Amino acid sequence: MVRNFRWRYVLAAMIVAVLFFVPATAGTANAQALPKNKKVSVLLIGNSMVKRSGNDTMKYLKGMAKNAGRNLYLDYVAYGNEKLYNYCNSKNSHGKAAQKKIAQKKWDYIILQENTDWAIAHGNTFLNASIKLCKYIEKKCPTAKILYNCTWAYDKTVWIQGKKYTHSTQQKNMNKKYLQAASATGGSVCWTGNAFDKYRKVKKAKNLYVADKNHASKYGWYLNAASMYAMIFQTSPSECTYTGGLNCSHAKQLRKIAGQVNGFR
């Protein structure tokens, strides 16, 4: 897969202006689902939103795939609070680990996920790191599709480096910057944060957050997995019935929302 990073960088800058007026959507509703007999290898690169104690995203994603009769292989590189700019640095120990993992297998998808604060308030650093890391991916694993998992804003208003961000402003900034990075590197975006916001408006919605108002509850991790499922397999996660121990009706609703937000019915 050839990526022209120079012209995509210019296009990304143009998209930023448009996004002030147009809400982020996936635009994948007409995509064809991957055949169920196709083995799909996925590498996730990020931080605690990928893997931490209590984070069942990978468990849920594997469970959904198995339930639907899909052949999914998952691996990850994740360190708490890590940023993409360290993963693209071959002199950084975390960067070395990520780059070794990228080079050791023919991945179908490599999913990138930025630190929450960085995605909200450090767009240029996020963009430059994405471009550099994707150049390495292009060299070592040129057939891999790049997928950015645009995660969720903090539950409440927060201050980041002396600037106040409401929940809405946080998500808006994240959406713009994830789409900018994807546009600059030939990638796609998984709109997990938008799925969070859509579910939050549901009557009697379950709490998607734990006490720190940043990391997810079991419902949030399930929604995170369902959103990635939609983008990996290009179909609604409603095709499966796996609940991961959640109430059946709650799990069904979360899968439906994940599919809708990412362009699948």
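The axes of α8 and α9 cross at roughly 130 degrees and come within 9 Å. This angle makes α8 oblique to α9, and the crossing of the two helices is right-handed. On the α8 side, the contact is made by Thr 192, Ala 195, Phe 196 and Tyr 199, while α9 contributes Gly 220, Leu 223, Asn 224 and Ser 227. The model described here is predicted.

Helix α8 (residues 192-200) also packs with helix α7 (residues 167-185), at an angle of about 150 degrees and with the axes 10 Å apart. The pair is therefore roughly antiparallel, since angles over 145 degrees fall in that class. The crossing of α7 with α8 is left-handed. His 167, Gln 171 and Asn 175 of α7 meet Gly 193, Asn 194, Asp 197 and Arg 200 of α8.

## Overall architecture

Ten helices and seven strands make up the secondary structure of the protein chain. The chain has 265 residues, of which 57% count as buried. Among contacts between residues at least 6 apart in sequence, 76% join residues at least 24 apart.

Of the 16 residues of α9, 15 are buried, so the helix is largely enclosed by the rest of the structure. From its first C-alpha to its last, α9 reaches 22 Å, close to the 22 Å expected at 1.5 Å a residue.

With neighbours within four places in sequence left aside, Ile 232 is in contact with Leu 34, Val 40, Val 42, Leu 61, Tyr 109, Ile 111 and Leu 147.

## Ile 137 in helix α6

Ile 137 lies in helix α6 (residues 123-140). Its relative accessibility is 0%, so Ile 137 counts as buried. When residues up to four places away in sequence are not counted, Ile 137 touches Ile 102, Ile 110, Pro 142, Ala 144 and Ile 146.

Most residues other than glycine have a negative phi. Gln 234 has a positive phi, near 55 degrees. Gln 234 follows α9 and is found in the loop between α9 and α10 (248-261). Its relative accessibility is 16%, so Gln 234 counts as buried, the limit being under 20%.

Gln 161 likewise has a positive phi, near 50 degrees, and is found in the loop between β5 (158-160) and β6 (163-165). Gln 161 is exposed, with a relative accessible area of 65%.

Note on methods:
Residues numbered from 1 in each chain as written. Predicted model: local features only at pLDDT ≥ 70, side-chain atom pairs only at ≥ 80, totals over all residues. Heavy atoms only, no water. Contact = heavy atoms within 4.5 Å. Helix = DSSP H or I, 4+ residues; strand = E, 2+ residues; numbered from the N terminus. Expected span 1.5 Å × (residues − 1). Buried < 20%, exposed > 50% of the residue type's maximum accessible area, 1.4 Å probe, protein only. Axes fitted to C-alpha atoms, helices over the stretch in contact; angles between N-to-C directions. Parallel < 35°, antiparallel > 145°, perpendicular 65-115°, else oblique. Left-handed = near helix turned anticlockwise from the far one by under 90°.
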